[in-house]
Amino acid sequence: MISKLQKVINESKKMLDLPDNWDSYNGKEIKFASWKAAVEICEYIHGSTNTPLPDISPCCDGSVDISFDDEKIYLLINVKSLDEISYYGKRTGKENVIKGN
């Protein structure tokens with residue numbers, strides 16, 4: 001039986017078929033290395049914490065966004081490669097924000 005996370009990952013793989021200019025605004029193609037790094041991060045975070053299922057989305061600069069969002073947390077991770085990752089996170093109703101590279 002395929003897990004819910006694996007379904008999300010399988011669906012996100014379609015972004016690898018996007019050509020240059022996929023968004024009609026010069027969007028760059030998504031490289032396999034960027035997608036694979038994002039998937040590994042999703043598997044690690046979702047597998048080792050109690051987070052909601054992620055949304056995995058292409059970005060126009062060729063990077064991949066991963067977002068975890070529910071009534072308790074919001075976490076956005078942008079992955080260009082394993083060496084270029086940025087993040088922003090916040091607990092719902094809390095003032096404290098985490099962000100960095």
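Ser3 lies in the segment before α1, where helices (H or I, at least four residues) and strands (E, at least two) are DSSP runs, numbered from the N terminus. The structure is a predicted model, in which local features need pLDDT of at least 70 and side-chain atom pairs count only at pLDDT 80 or more, while totals for chains, interfaces and linings use all residues. Residues are numbered from 1 along each chain as its sequence is written, and side-chain values use heavy atoms, with hydrogens and water left out. Ser3 counts as partly exposed because its relative accessibility is 39%; buried means under 20% relative accessible area, exposed over 50%, and partly exposed in between (1.4 Å probe, protein chains only). Ser3 and Ser57 are 54 residues apart along the chain, and their C-alpha atoms are separated by 19 Å.

Confidence was examined by pLDDT, the predictor's confidence in each residue, from 0 to 100. The mean for the protein is 91, and 99% of its residues reach 70 or more. Strand β5 (residues 97-100) has the lowest confidence, at a mean of 90, and β1 the highest, at 96. Where pLDDT is low, the predicted coordinates should not be read in detail.

Helix α2 (residues 32-48) has 17 residues, and its end C-alpha atoms are 24 Å apart, which agrees with the 24 Å it should span at 1.5 Å a residue. The expected span of a helix is 1.5 Å times one less than its number of residues. The buried residues of α2 are Ser34, Trp35, Ala37, Ala38, Val39, Ile41, Cys42 and Ile45. These buried residues pack against α1 (4-12) and against the strands β1 (55-58), β2 (64-69), β3 (73-81) and β4 (84-91), contact meaning heavy atoms within 4.5 Å.

A nonpolar core is a set of buried Ala, Val, Leu, Ile, Met, Phe, Trp, Tyr and Cys residues joined through side-chain atoms within 4.5 Å. The largest such core has 18 residues, of which Ile66, Ile77 and Val79 touch the most other members. Two or more residues are given to this core by each of α1, α2, β2 and β3, and its largest share, 7 residues, comes from α2. With residues up to four places away in sequence not counted, Ile66 touches Ala38, Ile41, Cys42, Pro54, Asp55, Leu75, Leu76, Ile77 and Val79.

Ser67 is placed in strand β2. Ser67 is buried, because its relative accessible area is 16%. Leaving aside neighbours within four places in sequence, Ser67 is in contact with Leu53, Pro54, Asp55, Leu75 and Leu76.

Strand pairing was assigned where DSSP finds at least two bridges between two strands. Strands β3 and β4 run antiparallel and are joined by 8 bridges. In this pairing, Ile73 stands opposite Arg91 in β4. The hairpin that joins β3 to β4 passes through 2 residues. Strands β4 and β5 also run antiparallel, with 4 bridges joining them; Gly89 has Ile98 in β5 as its bridge partner. The hairpin formed by β4 and β5 has 5 residues between the strands, and Gly93 in the turn has a positive phi of about 80 degrees.

Side chains of opposite charge can pair when their charged atoms come close. A salt bridge is a side-chain nitrogen of Lys or Arg within 4 Å of a carboxyl oxygen of Asp or Glu, and a search of the whole structure finds 3 of them. In one, the side chains of Lys14 and Glu11 meet at 2.9 Å, N to O. Lys14 counts as exposed, at 51% relative accessibility, whereas Glu11 is partly exposed, with a relative accessible area of 48%. Another salt bridge brings together the side chains of Glu29 and Lys31 (3.4 Å, N to O). Glu29 is partly exposed at 32% relative accessibility, and Lys31 is partly exposed with a relative accessible area of 48%. Asp61 forms a salt bridge with Lys80, with the closest N and O atoms 3.6 Å apart. This pair links distant parts of the chain, 19 residues apart: Asp61 is in the loop between β1 and β2, and Lys80 is in strand β3. Asp61 is partly exposed, with a relative accessible area of 38%, and Lys80 is partly exposed, with a relative accessible area of 37%.
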